[in-house]
Structure formats: structure tokens, C-alpha cells
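Subject: Structure for your files

Hello,

Here is the structure that I promised to pass on. My notes on it follow below.

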Amino acid sequence: MADTGIIIISHVYEIAEGINRLIQEVAGDVSIKVVGGLSKSEIGTSFDSILEAINENQADNLLAFYDLGSAKMNLEMAKEMSDKSITIYDVPLVEGSYIAAALLQAGVSKDDIEQQLKEIQIAK
Amino acid sequence: MNVETGIRWMELFNEKVQAEKDYLTQLDTPIGDSDHGNNMSRGMTHVIEAIETQKPDSLEELLKLITTNLLSKVGGASGPLYGSAFMGMLKAQKEDNIPWSAVIKSGLESIQKRGKAEAFDKTMIDVWIPVVEALENNQLTDAVIDQAVESTKPLKAKKGRASYVGERSIGHIDPGAYSSGLLFHAMLEAEAE
């Protein structure tokens, strides 16, 4: 297991689960935790469940991806409360997490992954 | 502000949020995701429950309890924003003899640090900024609060979910500004009792 993992935060349960299915296909050995919605049926993001996902992820360095603005705020708060090293990327959720997952699986360094992510950065 | 007034403040804020829950959601419908009423209602219900079960006996304990409950239970963007506000107030309140205006100002600074909004971005801070100014001059009234809330109406949203609809956000009161207005109306009422 690599020491770098991924967390994915979406407002919707199915989006998070869907992306998880997508990237598991290329990154079976990467530690990935996803959080979607307040519950299976309620849309939203929660600070508590993000912190839980951070703690449950086996890796100490985490690359974090999110969908809309308020997810980022909860993510930033959870980051401040956690001892792990967490980097949040302002990139499209599907493309960004897919790139990170595929490259982590291939053993690419974090610096090189960031270089690739920079190319797809968006204003969020 | 002492702990008794602080508790009364939260009780009155809760009453207003529950009474205006549908209106908050209505404000959030054209420019947001229609969840502000439910979110604030859920958050404040938890705050009141926590006050009843934990019975805080200092202002510090009360602010701590408000912070954790709003942060965890409100959800959406308002959870981290209101949570940060009370966290900022909690930090400032630890200083000896700090004026209440400085405590609220510290709350405002925490909101800005979290949400990165500037004045006139059509957010809750468009209420917090004039409220802090008025408090510093000992001139905070219900009218000042109402005017600040109303002033968000002609603005175009540059932050938050409303910014996704761009020009279409013009002409609507910002829901976070409105709920902040309720918070400060409740504060004035609690202080007057």
C-alpha cells in the first residue's frame, strides 16, 4: 500500500460511489475513501463524515477532490483538524481523481501528479 | 455578554430560525439549493438540545458548544461558516476585558478566512461588516441590521452557490445575510431583557 491515498467528496451519494467504481478500475491498490451526501438520500456535505473518511484512509498523505464550493469549505476545516498531510485540488472531480488514481497506481510521484493536475485546474 | 444572556441569545435565535425556516428556504430557492431553512433549523435544534443537556456555565463553554454543533449539524456551506464565526468569537473571548464588538469582529474575520468573501460579494459578511462597525460606535439597532440585510438585494453574487447563477442573483436577498440578520436581532433582544 502506497503512503499516498485519495479522498473524494461529493454532495451526492451516487456521484461519490460512481467515481469510486470508475477509479477502482485503474487503481485497485490505492487507498481511496469517498464521501457522498449527508446520507444515501440526503444531498450535502458534512464536516464530520469528511473527517471520518480522512481518518479511515490508510495513507498519511492524501490528495483530496471535491465537487462544489461548500464541499471545499468542509474539507478545509477537516484538513485543519487532522494530523495528516492533505492537499486539496481545484480540478474537475471526475478527471482530477481519475488522473491522480491512475498515476498513483503507476507509482508516479506526487510532484509529477500535481504537474498534470495543474493543467486541468478550474475556478471553483 | 455573560453565559445567561448568551443562552437567551441562542434561544431567541432558534425561535426566529424555526419561525422563518420556510422563508429562509424560499430566499435560497432562486439563487441557491433551497436548503438554508432546513440546515439552519437542524443546526439550531441541536444547539438548543446541547445547551439543555450540557448546561454550560461559562460563556466559553457555551461558545464551544455552539461552534461544534453548528459545524457538524448545519451542513452545506453555512455549517463551516457559522461554525468558524463562533470559533473566532470563542478565541477572542478568552482575552481579558475584550469589548463585545471585538469578539464579533473576530467572528467576522474567521468567516472571511474560511469563505474568502469580500464586502459586496452578496454574502453573510455584508451583514457582519456593518454590524461590527455599528457595535464599535455603540450604534447597533434593529434598523441597522435590516438595512444591511436589504443591501444584499441589488448585489451580484461572487461567492457561494449563488455565484453559479451570475446576473440572475441580482434582486434577491442573500439567505445567509438574512439568517445573520436574525442572529443579530436575537442578540439585541437578549441584551435588552
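Contact means heavy atoms within 4.5 Å. Helices (H or I, at least four residues) and strands (E, at least two) are DSSP runs, numbered from the N terminus.

This is a predicted model, in which local features need pLDDT of at least 70 and side-chain atom pairs count only at pLDDT 80 or more, while totals for chains, interfaces and linings use all residues. Residues are numbered from 1 along each chain as its sequence is written, chains are lettered from A and ligands numbered from 1 in the order in which they are written, and side-chain values use heavy atoms, with hydrogens and water left out.

Helix H2 of chain A

Buried means under 20% relative accessible area, exposed over 50%, and partly exposed in between (1.4 Å probe, protein chains only). Helix H2 of chain A covers residues 47-56, and its buried residues include Phe47(A), Ile50(A), Leu51(A), Ala53(A) and Ile54(A). They sit on the same side of H2(A), because their arc around the axis is only 160 degrees; the arc is that of the directions from the helix axis to the C-beta atoms. An α-helix has 3.6 residues a turn, so residues three or four places apart point the same way. The cover over these buried residues includes, from chain A, strands E1 (4-10), E2 (32-36), E3 (61-66) and E4 (85-88) as well as H3, and, from chain B, helix H4 (59-73).

Ser70(A)

Ser70(A) belongs to helix H3 (residues 69-81) of chain A. Its relative accessibility is 9%, so Ser70(A) counts as buried. Which residues does Ser70(A) touch, not counting those up to four places away in sequence? In chain A they are His11(A) and Thr45(A), and in chain B they are Gly76(B), Ala77(B) and Arg161(B). Ser10(A) is 60 residues away from Ser70(A) along the chain, and their C-alpha atoms are separated by 9.9 Å.

Chain B as a whole

Chain B has 9 helices and 0 strands. Its radius of gyration is 15 Å, close to the 16 Å of the globule rule for 193 residues, so chain B is as compact as a globular protein of that length. That radius is taken over C-alpha atoms, and the rule is 2.2 Å times the number of residues to the power 0.38. The C-alpha trace of chain B spans about 45 × 35 × 30 Å along its principal axes. Of the 193 residues in chain B, 55% are buried. Of its contacts between residues at least 6 apart in sequence, 66% join residues at least 24 apart.

Single residues in chain B

Asn14(B) is in helix H1 (residues 3-19) of chain B and is buried, with a relative accessible area of 14%. Apart from neighbours within four places in sequence, Asn14(B) contacts Met44(B), Thr45(B) and Ile48(B).

Most residues other than glycine have a negative phi. Ser34(B), not a glycine, has a positive phi of about 60 degrees. Ser34(B) lies in the loop between helix H2 (21-31) and helix H3 (36-54) of chain B, and is partly exposed at 30% relative accessible area. Lys116(B), not a glycine either, has a positive phi of about 60 degrees. Lys116(B) lies in the loop between helix H6 (100-115) and helix H7 (125-136) of chain B, and is partly exposed at 48% relative accessible area.

Regards
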